[in-house]
Amino acid sequence: MTSLRLLALILFLFAAVFNSAAEETNYFCVVCGQGPLGGRIWISKWGAICDDCYKLENRCALCGLPVREGEGTAKTGDGRFICKFDKKDAVLDADAAKEIFTDARQDLASLFGPGFALQFPEVSVNLFDVDYWSEKGRSDGLHKFGFSSTHKTPSGKCTHQVVMLSGQLRDNLAATAAHEYAHLWINENLPAGRVIDGDTVEAICELSAYELMDARKRPAQLKRILENPYTHGAILKLREVEREHGFRFVLNWVKEGSAPNFETTTTAFAAPIKILALTFTNKPVPLPEALKLGGLLLEGQMRHAIVCGVAFAAGETKKIKLQRGAVEVRCREIRRNEVLLDVEGFSAPVTLKIGEEKYLP
Ligand SMILES: [Zn+2]
Ligand SMILES: [Zn+2]
């Protein structure tokens, strides 16, 4: 059921191009290879899709492309499909996940020194499917793409475990690994009796992911981490602390500080630091987080832009339901590969390219 919800979530990521029925194009279907296509054609970020393939029920859990089972596609244990384009980059086996986790921790240790290494270096790393999150109702260390736990014996010996969602793209998984690694480090180093706000802990873990992606020069990941509404305020404010004092200051603060968050520990900032609560969910959610242009729909002189599954003609104003609430969107102009929108809360017009996502402030 969980995977079905996930599939439903991405069902509207596509655009359609209706050509006049008789006219043939130079489009070939990227799913079945058929072409040149005529009639109704759907345009995705990977290319054209014939109408037959568009009607397929199975969709790639990562990009929403319709998939024909078995034709170069992959399937996770819980029934999520991965298209042939994303399959190259999706991590589906535990050995690959272990390697990515090891690389991430090594890079973090060389970035921040032995102070960010684990005293008990053994970590069991595994991949799990979506259903796992529904079964584990725990909130500690749990977030969307990974889970970490540390078992501490009375003598202080730690045993670490990390599980990460299967079928993520390599870079996403590396960012998740860096996040979960920071959880383990905090588990080891947080003195008994010291309490840090849950949201501050998550922000520190996201900062670890940010640093790794920054060192690896992954601008798309940096953008994702900073713009993610769950971490938005928290990561930005924590980066102010880091810019001023360095990442090691943050690590020392975990070990030697006494306050539950950064608001009360430092006066080095003109404005008080507000760390927003991070609310992670253990289930796929039905509403999109960001505005996304699925694509364009052309039919004769009629043009529509499909934004989060809602079709807009130029000049139309409609409400789009996002996780943060409904926003009013006016479609200013529909261009060849993009759309120009007036969005409630944005003073300047927002340009969205096909497949592009934009988080709102
Ligand atoms: Zn096809
Ligand atoms: Zn895909």
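**Exercise 1. The chain as a whole**

Among contacts in the protein chain between residues at least 6 apart in sequence, what percentage join residues at least 24 apart? State also how many helices and strands there are in the chain, and what share of its residues count as buried.

*Solution.* Keep in mind from the start that this is a predicted model. Among the contacts in the protein chain between residues at least 6 apart in sequence, 56% join residues that are at least 24 apart. Turning to the elements, the protein chain holds 10 helices and 18 strands. Finally, 37% of its 361 residues count as buried.

**Exercise 2. A sheet and the helices that lie across it**

Describe the open sheet of 3 strands by its order and pairing, and work out which helices lie across its strands.

*Solution.* Begin with the order, which is 7-9-8 in this open sheet of 3 strands, where the pairing is mixed. Strand 7 (123-128) and strand 8 (146-152) are the edge strands, each of them pairing on one side only. From one strand to the next, the twist averages 15 degrees.

Next, look at a pair of strands: strand 7 and strand 9 (residues 158-165) run parallel and are joined by 6 bridges. Within this pair, Val125 stands opposite Val162 in strand 9.

Helix 4 (residues 94-112) lies across strand 7 and strand 9, and runs at about 130 degrees to strand 7. Helix 6 (residues 170-189) lies across strand 7, strand 8 and strand 9, and its direction is at about 25 degrees to strand 8.

**Exercise 3. One side of a helix**

Which residues of helix 10 are buried, and why do they lie on the same side of the helix?

*Solution.* The buried residues of helix 10 (residues 247-256) are Phe247, Val250, Leu251 and Trp253. They cover an arc of only 155 degrees around the axis, and therefore they are on the same side of helix 10.

**Exercise 4. Two single residues**

Find where Pro36 lies, and decide whether Tyr359 counts as buried, exposed or partly exposed.

*Solution.* Pro36 lies in the loop between strand 1 (15-18) and strand 2 (40-44). Most peptide bonds are trans. The bond that joins Gly35 and Pro36, however, is cis, with omega at about -5 degrees.

Tyr359 has its place in the segment after strand 18 (357-358). Tyr359 has 16 C-beta neighbours inside 10 Å, so this residue counts as partly exposed. Along the chain, Tyr359 and Glu227 are 132 residues apart, yet their C-alpha atoms are separated by 6.1 Å.

Conventions:
Residues numbered from 1 in each chain as written. Chains lettered and ligands numbered in written order. Predicted model: local features only at pLDDT ≥ 70, side-chain atom pairs only at ≥ 80, totals over all residues. Pairing = 2+ DSSP bridges. Helix = DSSP H or I, 4+ residues; strand = E, 2+ residues; numbered from the N terminus. Axes fitted to C-alpha atoms, helices over the stretch in contact; angles between N-to-C directions. Contact = placed C-beta atoms within 7 Å. Buried ≥ 20, exposed ≤ 12 C-beta atoms within 10 Å, placed from the backbone. Arc of directions from axis to C-beta.
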